[in-house]
Every structure is written in C-alpha cells, then in structure tokens.
Amino acid sequence: MSPIDLPLDSAGSKPSNPEARVEFPDNRLLMDVCGEFDSNLTTIETSLEVQLVRRGNSIVVMGDDVARDRAIEILNALYQRGINGRVVEAADVDRELRMGGPDEDASKRNLVKGDQLEMPVGARFEIKTRKKLVEPRTNAQKTYVQSLFENELAFGIGPAGTGKTYLAVAVGVSMFLSGKVDKIILSRPAVEAGERLGFLPGALEEKVDPYMQPLYDALNDFLPGKQLAKLREEKIIEIAPLAFMRGRTLSSAYVVLDEAQNATTMQMKMFLTRLGKGSRMVITGDRTQIDLPRGVPSGLADAERLLSKIPKVSFNYFTSKDVVRHPLVAAIIEAYEADEPHNQST
C-alpha cells in the first residue's frame with residue numbers, strides 16, 4: 001500500500017480534520033485510478049464529501065477524519081487493482097463505496113480453474129474463460145461463485161444486475177474448458193415480461209431467440225465467436241426454452257435455468273429432476289419480477305420452501321448492494337424495495 005503522510009500536532013497525535021497525502025509510485029496506474037477527466041475522483045468526492053487534489057504522483061485528501069480515512073482506503077484499493085493487472089472501471093469505484101473496507105490482500109487472490117477452489121471466505125479470485133478473467137466483485141458474489149464449484153445444485157436469488165446469470169455462465173464455461181463437464185445447457189422460460197408480443201415470425205429457433213438473448217450475450221463475453229458457433233452447431237452448448245427440457249436426462253453437463261421465477265411449480269420440478277450423473281445445475285431468479293399469470297404460483301418460491309434443508313443444495317441471496325451495473329440501477333432497486341409496503345397496501 002502507498003505511504004500516507006499525516007501532520008502531527010505538538011502532542012504527537014493527529015489533529016482533527018488534517019490533510020492526508022497518498023503517494024502512488026506508478027503514475028500510469030494513478031491515471032487509471034483517477035479515471036477519464038478525474039471522473040473517479042469526482043465520484044469519491046461527491047459520495048464521501050471530501051476534497052481530492054491531484055499533485056504529481058500523489059493525491060491530497062481533505063475532509064473529516066472518518067471520510068478522509070475511507071477515501072484513502074478506496075484510493076489504495078483501486079490502485080491495488082492496477083498493480084494486480086486489472087482495469088479500474090466506474091463499477092469498481094461504486095463497489096468500493098458501497099461495500100466498505102479496503103481491498104483484500106493480494107496474497108489471498110486466487111485463480112479459479114475448474115472445481116479446484118481452495119480459498120478463505122472473502123478472498124479475491126478470478127474465473128478463467130477463453131476471452132477474459134471474470135472477477136466476482138462483492139462478498140455475496142464471491143460466496144455464490146464458491147458455491148457453484150462446491151455444490152451440485154445451487155440457487156442464485158436477487159434483483160437484476162447482481163451478476164447471477166453472468167457469473168453462473170462464466171463458471172460453466174470455466175468448468176467446460178477444464179474438462180469437468182462435457183456440455184453446457186442454458187435455459188429460460190419463454191414468458192413475456194408483462195406484454196403480449198403476439199406470434200413471432202420465422203422458424204422455431206427464430207421464435208425463441210429473443211427470450212434467450214441474455215444467455216447469448218453472456219456466452220459471447222467468454223468464448224470467441226467462431227468457437228461458440230462451432231460448439232453450438234455440435235450441440236455441445238445448447239440454449240433452449242424450459243419446455244424443451246421435458247423427458248431429458250442431463251448427464252455430465254453444466255445446466256443453468258435463468259429467470260426461474262417465471263417457471264411454474266410443475267416446470268421447476270420437471271427441470272430439477274433432469275439432473276444426471278456428473279452434472280451441475282444452477283437456478284437463478286428474481287422474486288420481484290414474476291411474469292406468470294395472476295394466481296399461478298412461482299416454482300422458484302416452492303423450490304426455496306422445499307429444498308432449503310437438503311444437503312448439497314446451496315441458496316445464495318443478493319441485494320441492491322451487489323448490483324454491478326450502472327450505479328443508478330442500485331438506487332432504482334432500493335427505491336422500489338422501500339415502496340413495497342405501499343404496493344402491498346394498495
């Protein structure tokens with residue numbers, strides 16, 4: 001970590017509201033910490049009500065004791081990301097501000113390959129795919145990824161933008177590349193989000209593709225286009241609606257059911273019983289975005305109630321603090337959560 005120079009009073013203790021100077025030896029990494037046009041510094045200043053002044057290869061931090069120390073922790077955490085070879089993005093600044101505490105020690109950082117996961121809780125690690133290294137950013141995400149490697153059946157439940165599906169697909173690609181599974185199967189219920197789209201033109205695949213697009217997006221992030229196309233052509237990677245799972249036994253496969261809140265109880269039971277030898281299954285969903293017809297119970301809620309005490313079944317929960325999209329997404333989710341009593345009363 002960078003040295004911090006604090007002035008002392010005559011008694012040898014820190015005076016209230018001092019200035020602190022944080023020095024960064026590598027000016028190139030410092031530029032990454034500051035962001036384009038110092039946008040990251042502006043975000044920290046606004047959130048913590050401190051003043052940050054960049055002077056050469058150092059940043060002077062001014063503010064009350066608590067805010068000043070917190071700003072220093074964040075600056076050091078962001079700089080450590082650069083030292084570890086990771087780019088500092090706006091989402092990283094937002095995560096540090098929301099999660100609290102300094103970045104973990106670099107010695108705890110692990111690279112996850114296949115199901116070889118030996119790490120203390122809270123440690124930093126990355127998921128290796130063909131195109132990029134994927135890093136869980138919050139403690140809930142780290143626990144979630146750990147459970148995906150350790151359990152044959154895992155649930156990820158929480159609001160949009162918390163990385164439930166993205167991380168699940170990343171782990172699936174990692175396990176496939178390391179030979180732990182022979183195929184990847186991704187599925188979703190083909191349920192419209194609150195509006196009727198009518199009959200869609202084209203062949204069957206063209207009709208269901210709009211529902212599956214988020215899964216395509218995730219795969220495109222982890223595998224080169226030509227390789228992905230070849231794997232799909234050979235049916236090694238399948239993307240299909242939930243209804244297509246009936247009657248199958250999925251062996252030696254990594255299986256993801258996304259948007260599981262829109263599966264009925266019977267569909268959920270059907271899907272869960274597809275689990276075959278050597279397979280892993282991940283169920284993700286958001287209980288606040290159920291698009292089933294009124295009066296039809298969600299299979300995700302029933303699965304929580306019935307399976308929570310079964311060994312080797314992991315339930316992982318996310319909140320607005322785990323949102324890794326635009327910072328406004330977290331604020332929007334928190335606003336809707338705060339308004340839930342009003343909605344229930346009306």
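**Fold, contacts and charges**

Author: The protein has twelve helices and 13 strands, taken as DSSP runs numbered from the N terminus (helices are H or I with at least four residues, strands are E with at least two). This is a predicted model, where local features need pLDDT of at least 70, side-chain atom pairs count only at pLDDT 80 or more, and totals for chains, interfaces and linings use all residues. Residues are numbered from 1 along each chain as its sequence is written, and side-chain values use heavy atoms, with hydrogens and water left out.

Reader: What share of the 346 residues is buried?

Author: Buried residues make up 47% of them. Buried means under 20% relative accessible area, exposed is over 50%, and partly exposed is in between (1.4 Å probe, protein chains only).

Reader: And the accessible surface, what does that come to?

Author: About 17,500 Å², of which 52% belongs to carbon and sulfur atoms. The areas come from the Shrake-Rupley method with a 1.4 Å probe, and for residues only the protein chains shown count as cover.

Reader: Of the contacts between residues at least 6 apart in sequence, how many join residues at least 24 apart?

Author: 67% of them do. Contact here means heavy atoms within 4.5 Å.

Reader: Is Gly158 buried or exposed?

Author: Buried, because its relative accessible area is 8%.

Reader: Switching to helices. How do α1 and α2 cross?

Author: The axes of α1 (residues 27-34) and α2 (residues 39-48) come within 5 Å and cross at roughly 55°, so the two are oblique to each other. Axes are lines fitted to C-alpha atoms, for helices over the stretch in contact, with angles from 0 to 180 degrees between N-to-C directions. Under 35 degrees counts as roughly parallel, over 145 as roughly antiparallel, 65 to 115 as roughly perpendicular, and the rest as oblique.

Reader: Which residues meet there?

Author: Asp32, Val33 and Cys34 in α1 meet Ser39, Asn40 and Leu41 in α2.

Reader: OK, charges. How many salt bridges?

Author: The count comes to 17, with a salt bridge being a side-chain nitrogen of Lys or Arg within 4 Å of a carboxyl oxygen of Asp or Glu. One network of them links Arg81, Glu89, Asp92, Glu135 and Arg137.

Reader: What about Lys230 and Glu234, how far apart are N and O?

Author: 2.6 Å, in a salt bridge between their side chains. Lys230 is partly exposed at 47%, and Glu234 is partly exposed at 41%.

Reader: Last one: which residues make the nonpolar surface patch?

Author: Leu328, Ile332 and Tyr336, covering about 360 Å². Patches take residues with over 30% relative accessible area and no salt bridge, joining like charges within 9 Å and nonpolar side chains (Val, Leu, Ile, Met, Phe, Trp, Tyr) within 5 Å. Leu328 lies in helix α11 (residues 327-338) and counts as exposed at 53% relative accessibility.
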